[in-house]
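Q: Can we go through the salt bridges in this one? Here is the model.
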Amino acid sequence: MGKHVVAGAGQVGSQVARLLAERGDEVVLVSRSGSGPELPGVRRVAADVADRDRMAALTRGAATLFNCVNPPYHRWAETWPGMAASMLGAAETSGAGYVILGCLYGYAAPDRPMRESDPLTPPSAKGAVRVRLWRDALAAHEAGRVRVTELRASDYFGPGSLDQAHLGERFVPRLLSGRVVRFVGDPEQPHSWTYTPDVARALVTVAGDDRVWGRAWHVPTDAPLSAARVADRLCALAGIRNPGVRAMPHWLVRTAGAFSPMLGELEELRYQFTRPFILDSTDFQTTFGMSPTPLDEALTSTIAWWRNRLAAAA
């Protein structure tokens with residue numbers, strides 16, 4: 001048994017806390033509201049993760065600090081630097097290993113499957129924010145001040161994936177109710193989708209494993225599939241007719257972005273959905289022996305979660 005601090009009680013952080021608690025570890029789950037699952041072994045704490053002194057106090061005696069924070073897209077530039085500096089400082093002060101949940105925004109628009117060794121030359125402002133945070137953390141690691149790794153995933157899907165997920169509330173519930181999905185980008189382009197429970201499992205897998213430090217890793221992710229083909233499979237598993245997935249006209253995305261911060265921020269990431277966007281997770285799978293959840297199993301769980309959520313809201 002050991003102590004772990006999880007910053008962020010969202011779709012991934014809550015699952016990480018649950019997995020750690022289930023194996024008998026002590027978990028401190030930190031969020032601004034103090035939310036998260038009520039479980040034996042999980043202590044929920046309301047705190048600002050940008051408060052370095054508070055985070056250092058909470059992380060004292062911890063084996064691992066997990067950074068699972070995900071601020072709203074439109075506030076990344078203003079909120080990420082302070083939060084990341086606070087968590088890096090807390091890990092350095094406490095001696096905890098620092099595990100960062102990352103994304104693929106730091107890579108250039110790909111013309112082949114993305115590997116961890118690819119150069120970080122982001123084409124977007126959000127990508128530049130994430131690259132800066134990783135480089136700061138890696139510099140601290142190389143200076144011997146802290147142990148650091150970053151686990152990068154592609155676009156999430158699964159239980160708990162809501163408004164910030166392309167396969168979230170604008171996708172699954174529309175299909176389940178027989179409505180056409182309007183997709184930002186080309187729904188026929190091959191794309192990697194990472195199942196949220198696999199993200200949580202990967203984060204917990206690396207905690208305490210010294211092979212992980214000093215580099216980035218890609219979370220185990222199944223073979224790429226276009227959004228249109230995901231809809232085909234989801235509807236088949238759900239036993240319903242597929243109403244279809246249609247590309248949202250680019251002009252409409254730009255217009256809607258003036259009223260929706262989320263859609264507005266997706267404009268600079270549109271390149272990820274106009275060409276194949278494929279993640280290669282071979283390194284993690286071969287090193288740690290973890291495979292992605294098969295697609296049909298992941299979609300079946302996703303369907304059940306959404307049906308329960310929609311029934312509860314009815």
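A: A term to start with: buried means under 20% relative accessible area, exposed over 50%, and partly exposed in between (1.4 Å probe, protein chains only). This is a predicted model, where local features need pLDDT of at least 70, side-chain atom pairs count only at pLDDT 80 or more, and totals for chains, interfaces and linings use all residues. Residues are numbered from 1 along each chain as its sequence is written, and side-chain values use heavy atoms, with hydrogens and water left out.

Q: How many salt bridges does a search of the whole structure find?
A: The search finds 19, counting a side-chain nitrogen of Lys or Arg within 4 Å of a carboxyl oxygen of Asp or Glu.

Q: What does R115 meet in a salt bridge?
A: R115 meets D280, at 3.8 Å from N to O. R115 lies in the loop between strand 5 (97-102) and helix 4 (125-142), and D280 in the loop between helix 9 (261-266) and helix 10 (282-288), 165 residues apart. Helices (H or I, at least four residues) and strands (E, at least two) are DSSP runs, numbered from the N terminus.

Q: Is R115 buried or partly exposed?
A: R115 is partly exposed at 29% relative accessible area, while D280 counts as buried at 18%.

Q: Which residues are linked with R115 in a network?
A: E116, R215, D280 and D283 are linked with R115 in a network of salt bridges.

Q: Switching topic: what about E188 and R229?
A: Their side chains form a salt bridge at 2.8 Å, N to O. E188 sits in the loop between strand 8 (181-183) and strand 9 (193-195), and R229 in helix 7 (residues 227-238). E188 is partly exposed at 45%, and R229 is partly exposed at 36%.
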